[in-house]
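Open the structure in your viewer and keep the selection tool ready. The tour goes stop by stop.

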Amino acid sequence: GLMFFALTQYFMRYQQWVLLLAILTSAVAMSLMKSSLPDPQGLFYFTGLLIVQMAGLNILRLQFHYAVACCLIIPAFGFVSENWYGTMSIEELATETYFYTSVSVLSLVSNFFLERAARRDYLQKRLLNREQKQLQDANEHLRLLVTSDALTGIANRRHFDEALAEEWLRAKRSSYSLSVV
């Protein structure tokens, strides 16, 4: 359901907010489960929490400034919930800080490069469309120059030949007779 929402044009205005809330909700749930369970089971939820952060930011293509907010909120809530349910040793605090920091940095770097590539592709597509439009305009101008007299602007023999061929095919298709005066 979340992927459908992420790809629907109708909800584009609120897409990033909803994705951010979904990622944060998943992270909060995993963080609460991790901190409420004993260490061996809680580590599975900690791994899941890091995967939610990494996948949520990159697969769902969260914009960079939302990804930065997410990378600040998830570790903060993780540390708060861990201290709420119990005390952490210095080793556990250092380990969690290392993993939160490394996953946040990796997520933000990959998110930055994905967003930069998407922006570059968008700009290249816009430039290509602009160049195609200019080429169509130039071709239309050349066609007008070729089929009309430069001095008078009246259609020339080439235009007459093209129009005659077109009318001949139309008359042949419709079984009409054709006359030229």
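What follows is a short walk through a predicted model.

**Stop 1: helix α2.** Select residues 15-36. This is helix α2, with 22 residues. From first C-alpha to last, α2 reaches 32 Å, close to the 32 Å expected at 1.5 Å a residue. Now color the buried residues of α2, among them Leu19, Leu20, Ile23, Leu24 and Ala27. Look down the axis: the buried residues of α2 fall within an arc of 150°, so they line one face of the helix. Turn to the other side of α2, where Leu21 and Thr25 are exposed.

**Stop 2: helix α5.** Select residues 90-147 for α5, then pick out Arg143 and Glu140, 3 residues apart, about one turn of the helix. Their side chains meet in a salt bridge at 3.0 Å, N to O. Arg143 is partly exposed, at 41% relative accessible area. Glu140 is also partly exposed, at 38%.

**Stop 3: helix α6.** Select Arg170 and Glu166. They form a salt bridge at 3.1 Å, N to O, and sit 4 residues apart in α6, about one helical turn. Shared partners join Glu166, Glu167 and Arg170 into one network. A search of the whole structure finds 6 salt bridges.

Stop 4: Is Trp168 buried or exposed? At 53% relative accessibility, Trp168 counts as exposed.

Note on methods:
Residues are numbered from 1 along each chain as its sequence is written. This is a predicted model: local features need pLDDT of at least 70, side-chain atom pairs count only at pLDDT 80 or more; totals for chains, interfaces and linings use all residues. Side-chain values use heavy atoms; hydrogens and water are left out. Helices (H or I, at least four residues) and strands (E, at least two) are DSSP runs, numbered from the N terminus. The expected span of a helix is 1.5 Å times one less than its number of residues. Buried means under 20% relative accessible area, exposed over 50%, partly exposed in between (1.4 Å probe, protein chains only). The arc is that of the directions from the helix axis to the C-beta atoms. A salt bridge is a side-chain nitrogen of Lys or Arg within 4 Å of a carboxyl oxygen of Asp or Glu.
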